[in-house]
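Here is a short tour for someone meeting this structure for the first time.

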Amino acid sequence: MGAREVGLPERVPAEGLPQRVTIWEVGPRDGLQNESAVVPVEVKLEFLDRLAAAGLTTLEATSFVHPKWVPQLADAEQLLAGLDRREGVRYPVLVPNERGLDRALDAGVSDIAIFASATETFAQKNLNSTLDEQFAMFEPVVTRARAEGLAVRGYLSMCFGDPWEGVVPAEQVVRAGKRLLDFGCSQLSLGDTIGVATTGQVTRLVQEFEKSGVDVSTLAVHFHDTYGQALANTEAALRAGVSTVDSSAGGLGGCPYAESATGNLATEDLVWLLEGLGVEHGVDLGKLVDTSVWMAGRLGRPSPSRVVNALAG
């Protein structure tokens, strides 16, 4: 008999946690963009539909980055044209610049995300820009998107450690993040791009944002599990007041511009944690595990998620 059949995990509600957490599913975009082979658009569409059927309500569907840089997502227009949008589900897309925004608007999207760096070196390697110059590129994107009625999320990479610069000072991250919020981003996702964050860093960074006048409800967290700290860091963020967590079904993903980055926090592992803590999330864990097993089969390898492998037998 399996763990779920005997009532595990036990729900033990804890004080100081959000009553409900929004899971921002990044597998279809951040997960698949790191694949060496291009996944057929039909498989991507089924992946999105299965995730929605499992109860996930925010599915980052694709990216309008130039196909030269992310060929795995070159079919963005085709995918969105074929997408069967479910009521109550958001399908944000990533855009890098105004040309990407044009493509997103033509495709009829209602949510976009932009991606910035908290460090100089990663801005140069990922965006071919300086730390300051990147904001000149993003400001008109955010302004236009908001004028068109779109919701805009800002991703901020390298918030805890950079493979070239080492530890990233919290005040440097806050300065960069506030610039994105001041432009008009309604949410800021703090990325541990190479998975080096510790719980103390997470708590301190959220507190520093709060001290600077940022409402913690506008913050999200995005952890990679390189050193096995993603779940611990997530709990630290929740205790600091964050209630939106990025994750990837089956633990898919990494970062094509940071070789030391391994997979994202697996959505199944996150759901198991939230269930044990008595935090609402709205996801059917069984359907989610089935979806990740199905996707792993399409990719020809097992899932790195501990919960997927445990529950899938």
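## A threonine in a loop

In this predicted model, a polar atom of the side chain of threonine 119 sits 3.4 Å from the backbone nitrogen of phenylalanine 122. Threonine 119 belongs to the loop between β4 (111-117) and α5 (120-127). With a relative accessible area of 0%, threonine 119 is buried. So who are its neighbours? Leaving aside residues up to four places away in sequence, threonine 119 touches Leu131, Met158, Asp162, Glu165, Val168 and Gln172.

| Helix pair | Angle | Distance between axes |
|---|---|---|
| α6 (residues 133-147) and α7 (residues 170-183) | roughly 25 degrees | within 9 Å |
| α9 (residues 230-239) and α10 (residues 267-277) | about 50 degrees | 11 Å |

Angles under 35 degrees count as roughly parallel, and α6 and α7 are therefore roughly parallel to each other. Their crossing is right-handed. On the α6 side, the contact is made by Phe135, Phe138, Glu139 and Val142, and on the α7 side by Ala176, Arg179, Leu180 and Phe183. Sort the residues of this contact by class and you get six nonpolar, no polar and two charged.

The helices α9 and α10 are oblique to each other, and the crossing of α9 and α10 is right-handed. Which residues meet there? From α9 come Leu231, Thr234, Glu235 and Leu238, and they meet Asp269, Leu270, Leu273, Leu274 and Leu277 in α10. By class, the contact of α9 with α10 has six nonpolar residues, one polar and two charged.

How many residues of α10 are buried? Ten of its eleven are, so α10 is mostly covered. Among the buried ones are Thr267, Glu268, Val271, Glu275 and Gly276. The list also includes Asp269, Leu270, Leu273, Leu274 and Leu277, the very residues of α10 that meet α9. Just after α10, glycine 278 takes a positive phi of about 75 degrees.

## A buried aspartate

Aspartate 30 has its place in helix α1 (residues 27-31). Is this residue buried or exposed? Buried means under 20% relative accessible area, and aspartate 30, at 5%, therefore counts as buried.

Finish at leucine 311, which is found in helix α12. Leucine 311 is partly exposed, with a relative accessible area of 28%. How far apart are the C-alpha atoms of leucine 311 and arginine 4? They are separated by 8.1 Å, although the two residues are 307 residues apart along the chain. Not counting residues up to four places away in sequence, leucine 311 touches Ala3, Arg4, Trp272, Leu285 and Val289.

Conventions. Residues numbered from 1 in each chain as written. Predicted model: local features only at pLDDT ≥ 70, side-chain atom pairs only at ≥ 80, totals over all residues. Heavy atoms only, no water. Axes fitted to C-alpha atoms, helices over the stretch in contact; angles between N-to-C directions. Helix = DSSP H or I, 4+ residues; strand = E, 2+ residues; numbered from the N terminus. Parallel < 35°, antiparallel > 145°, perpendicular 65-115°, else oblique. Left-handed = near helix turned anticlockwise from the far one by under 90°. Contact = heavy atoms within 4.5 Å. Nonpolar A, V, L, I, M, F, W, Y, C, P; charged D, E, K, R; others polar. Buried < 20%, exposed > 50% of the residue type's maximum accessible area, 1.4 Å probe, protein only. Polar contact = N/O pair within 3.5 Å; in protein donor to acceptor, adjacent residues only side chain to side chain.
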